[in-house]
Amino acid sequence: MSLARNPIVSVKEATKTFSARDTGQPFHALGPVSFDLREGEFFSVVGPSGCGKSTLLDLLAGLGAPSSGSVHFEGKPVVGEVPDGIAVVFQEDASFPWLNVFDNAAFGLRRAGLPEDQVKARVDHALDFMGLSGCAGIYPSQLSGGMRQRVCIARAMVLRPRLMLLDEPFGALDQQTRLLMGEEMLKLWRDTGSTIMLITHSIDEAVLLSDRIGVMSSCPGRFIEIVETGWSPERDAQTAMDPRFGALQAQIWGMLRAESIKALKAKR
Amino acid sequence: MTALPGSLQPAWLKHRVVALRLLVIAGCVLLLEAGSRLGWINPVSFIPPSKMLLSAIELLVKGSFKTDIWLTLSAASIAVLLAVLFGFLFGVILFKLPRLRRVLDPLLLSYYAVPIFVLYPMLIVLLGLNRWPLVALGFLFAVVAMAVNTLNGLERVPAVLLRTARMLRMGRIDELRLITLPASLPFVFTGIKLAVVYSFIAVIGGEFVLSGAGFGYQIAYAYNNFDNPTMYGLMTLLLLFVGTINLLLHMAEQRLYQRRVLKELT
Amino acid sequence: MNSPNALPTAAQRWGDVVLLLLGILGCWALASWFFGPTILPGPFSTFKQVRIEVSDAEFADHLTETGLAFGAALCISLFGGMAIGLLLGARRLAGDVFEPLLLALYSIPKIALYPVVLLIFGLGISAKIAFGAIHGIIPMVIFTMTAIRNLRPVHLRSIRAHRLTAWQAAVHVLIPAALPEIVAGLRIGFSLTLLGTLLGEMFASQRGIGHLLMRAIDRNDAPTIVALALMLFLFATAVSLGLLQWDKKLRRAA
């Protein structure tokens, strides 16, 4: 592998504490977390529900400021404002119901003032890439949930972000669609060279797709360990046959099992 | 029942809902017609629908009540415009000031509990014996419905769309213009629909109670003078008119809803 | 201080109520001063007038008359509306067919139908009950129907699984499941039935609160108008808020 690449994101001892809505009591959601995202890598975060994974994504994206510690993107601190060069795909469907698929995908570009012919070129490419080329004139309400998520990914993709953050984008999809979408994410990653951070519940997904996997504890979320997969960039569905695949899965589940039980008990 | 995909169903099956609806309406009309002509219902009190329609057409053709129709329409239209404009602004203000919203909440909820007509005499004394009290009545009746629906629409913009706006680094005005407003449009449209309906109800009701002119007044006048054919003719015209407006609004809403609404997944 | 999205505390809620009351009374007093007490009597004189009205010998009779009419109209609106709404909600086709018709009926200025009601029912308590009922029944039908149609399919499947009769299905499954929406409809139905009954009394009766109101309007007797309006407003608001609390409790439980 290449030499240690530059960290595009640097998180040092970041924590996040909320005050609960009804009681006003402080609620320690995340941290302290320290890690770096290397430029161009595919990084996944796995952990039990409610452990702060989405909060971590918010901090990286600038959608929230850390209560303590720091987050840096490309060397500059990120405090509550989204820096240029980052795109987020959320867990819920964020497609705009009043725009058709093409206009949805083109939204960010048009706001940036890109000339229309360039917009068309980029959007056509992205829609084609995501398998939506026939749907340009259709409205999101006429599409399935999976296709709407693809629209959101296309909308993020056309912005050519240097960092792409995905918050369980395939959570609502069935297993087979997820596998296909996973392959498409790999294609996207290789095609664009962006750094990608994926938050997921699925250990298989994380192990298959990622260069590194951050295994998160139950609330307040902290990284138990960051596991290197060592896959080559040309990995695909066949990688699941590699004997190390099963070992990695078992290793990660071993770490998560206790945390998941804790999270389950905490819910009561 | 609908085992076949829509494109393969025969035309009558696809449109059977509309067909049944028309059947129901026709059935009711026929029943009333028979009831009146056969004396089940007192034919003097309740003339057959066919005669109502004839009277309505006659009134239209003769143009006897053109001025009154115009007076009512103009008063209601002005009331609608004012109610939509101020109701919208009021809704936005309530959205932006949650404390004010919380304080006014009980008032907003009970606003429609009292007959607004009680204010009518005061409005006459304030604004004079002209059309303005009616306009004010229409406005007062409609404005809160518009405001509440606007507020509802603004509040129901899915949080994820607003986070998307932040992710795209949109300023507040852009966010409002490009995301919040289009997303709340279905509810705003409901507010407009209600404003139209309520304005008409208030204006015609006011004319009914206390007025010297206008559609509602003419109905009351005909009633008081035992001129049933004219009265029913006017009422039929009113029903047809309101029905048409509702149909137009409904069609416009279907167009809007087809593309714009996220079906609530509750 | 709490974050802006925090739920209000009980103290804050009471503070809001006090603020609202003071605000209303303040605006009222201001308007009265501005327009003059003959046009718009102020809060104090109105409270005094209320006491005068209530202690009037005939008032109890009027109140009873209105109460009876309103009660009857409410029962018809409520139970009739729920029954029809249940039927239309349970049968998909019927609901589809009737929904736009109901909405159209809802938007007709029913005031224009009053002459018909009067001609059919004559001048008496039945006309008033009819007025109230036609105002209140339609929203009840619409809300109940919509509530049933929006029930999760699992409820309907459980009806079949337990092989319930129509009546049992209604009482044990449909109504409890749809209760929050039905209560929301009830709030509107209540207000509208009250409105309808009062309007009926204004036009078609020699007795009742509505009649008193009409008399005061004819005489331009502002103190009486405002006093009666205040009483009605307080009554309607109290019930509306009570139903709202019930609604909230149901939603929390659901």
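The model is predicted: local features need pLDDT of at least 70, side-chain atom pairs count only at pLDDT 80 or more, and totals for chains, interfaces and linings use all residues. Residues are numbered from 1 along each chain as its sequence is written, and chains are lettered from A and ligands numbered from 1 in the order in which they are written.

**Chain C**
- Chain C has 10 helices and 0 strands, where helices (H or I, at least four residues) and strands (E, at least two) are DSSP runs numbered from the N terminus.
- The C-alpha trace of chain C spans about 65 × 60 × 30 Å along its principal axes.
- Of its 254 residues, 41% count as buried (20 or more other C-beta atoms within 10 Å of the residue's own, with C-beta atoms placed from the backbone).
- Among contacts in chain C with a separation of 6 or more, 77% join residues 24 or more positions apart; a contact means C-beta atoms, placed from the backbone, within 7 Å.

**Helices 4 and 9 of chain B**
- The axes of helix 4 (residues 66–96) of chain B and helix 9 (residues 172–209) of chain B come within 9 Å and cross at roughly 140 degrees.
- Residues making the contact include B:Ala79 and B:Ala83 of helix 4 of chain B, and B:Ala195 and B:Phe200 of helix 9 of chain B.
- The residues of this contact divide into 12 nonpolar, 4 polar and 1 charged (Ala, Val, Leu, Ile, Met, Phe, Trp, Tyr, Cys and Pro are nonpolar, Asp, Glu, Lys and Arg charged, and the others, Gly among them, polar).

Methods: Axes fitted to C-alpha atoms, helices over the stretch in contact; angles between N-to-C directions. Contact = placed C-beta atoms within 7 Å. Buried ≥ 20, exposed ≤ 12 C-beta atoms within 10 Å, placed from the backbone.
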